[in-house]
Amino acid sequence: MTSKKVLALFLFVIFMLRPLNLYSSDFIFYCAPWKEINSKKTLQNNFSIKINNSSLSILGGDLETKFFELIYSHPSFYLFSSPSGILLNISRESNPRNVSLWQNINKEQLFYSSTCNK
């Protein structure tokens, strides 16, 4: 099989397996302060998460990154990414919602978690 045929087959499979609905609904969540998982240190300020179509904004809180785009929608979670490469995961099934954030700054990996209610 030639490389063009393999590439065409690969693109066809990706297109067919791609989720049809990559957009989340519009929601606002009110969240407890971030808790750093490694050091168990809790940051000071509460924050809100606003999801509008495929965009997520963090309002308030102690972290600098505030804007994310939906990159994957799963039946049990949403996965968002910021332009700087920070990943944010929001559960879909639980109440309160579990929120996890991972960032890699200067080769140091930081993990944060929080819980949010509608």
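This is a predicted model: local features need pLDDT of at least 70, side-chain atom pairs count only at pLDDT 80 or more; totals for chains, interfaces and linings use all residues.
## Ground rules

Local features need pLDDT of at least 70 and side-chain atom pairs count only at pLDDT 80 or more, while totals for chains, interfaces and linings use all residues. Numbering starts from 1 along each chain as its sequence is written, and side-chain values use heavy atoms, with hydrogens and water left out.

## The largest pocket

The largest pocket holds about 200 Å³ of space. Its lining takes in 13 residues, and E64, T65, I86, Q103 and I105 sit nearest the centre. (A pocket here is an open set of points on a 1 Å grid over the protein atoms alone, where a 1.4 Å probe fits, with protein on both sides within 12 Å along at least five of seven lines; lining residues have an atom within 4 Å of a point. The volume is the space filled by probe spheres set on the points.)

By class, the lining splits into 7 nonpolar, 5 polar and 1 charged.

## Aromatic pairs

Across the whole structure there are 5 aromatic pairs (ring centres within 6.5 Å; planes under 30 degrees apart are stacked, over 60 edge-to-face, the rest tilted). One of them is W34 with Y112, edge-to-face at 6.3 Å centre to centre and 65° between the planes. Ring pairs also tie W34, F47 and Y112 into a cluster.

W34 counts as buried because its relative accessibility is 1% (buried is under 20% relative accessible area, using a 1.4 Å probe and protein chains only). Y112, at 7% relative accessibility, is buried too. The Y78 and F80 rings have centres 6.2 Å apart and planes at 55°, so that pair is tilted. Y78 is buried at 7% relative accessible area, and F80 is buried at 0%.

Terms used:
Ala, Val, Leu, Ile, Met, Phe, Trp, Tyr, Cys and Pro count as nonpolar, Asp, Glu, Lys and Arg as charged, and the others, Gly among them, as polar. Rings of Phe, Tyr and Trp (its six-membered ring) pair if their centres lie within 6.5 Å; planes under 30 degrees apart count as stacked, over 60 as edge-to-face and the rest as tilted. Buried means under 20% relative accessible area, exposed over 50%, partly exposed in between (1.4 Å probe, protein chains only).
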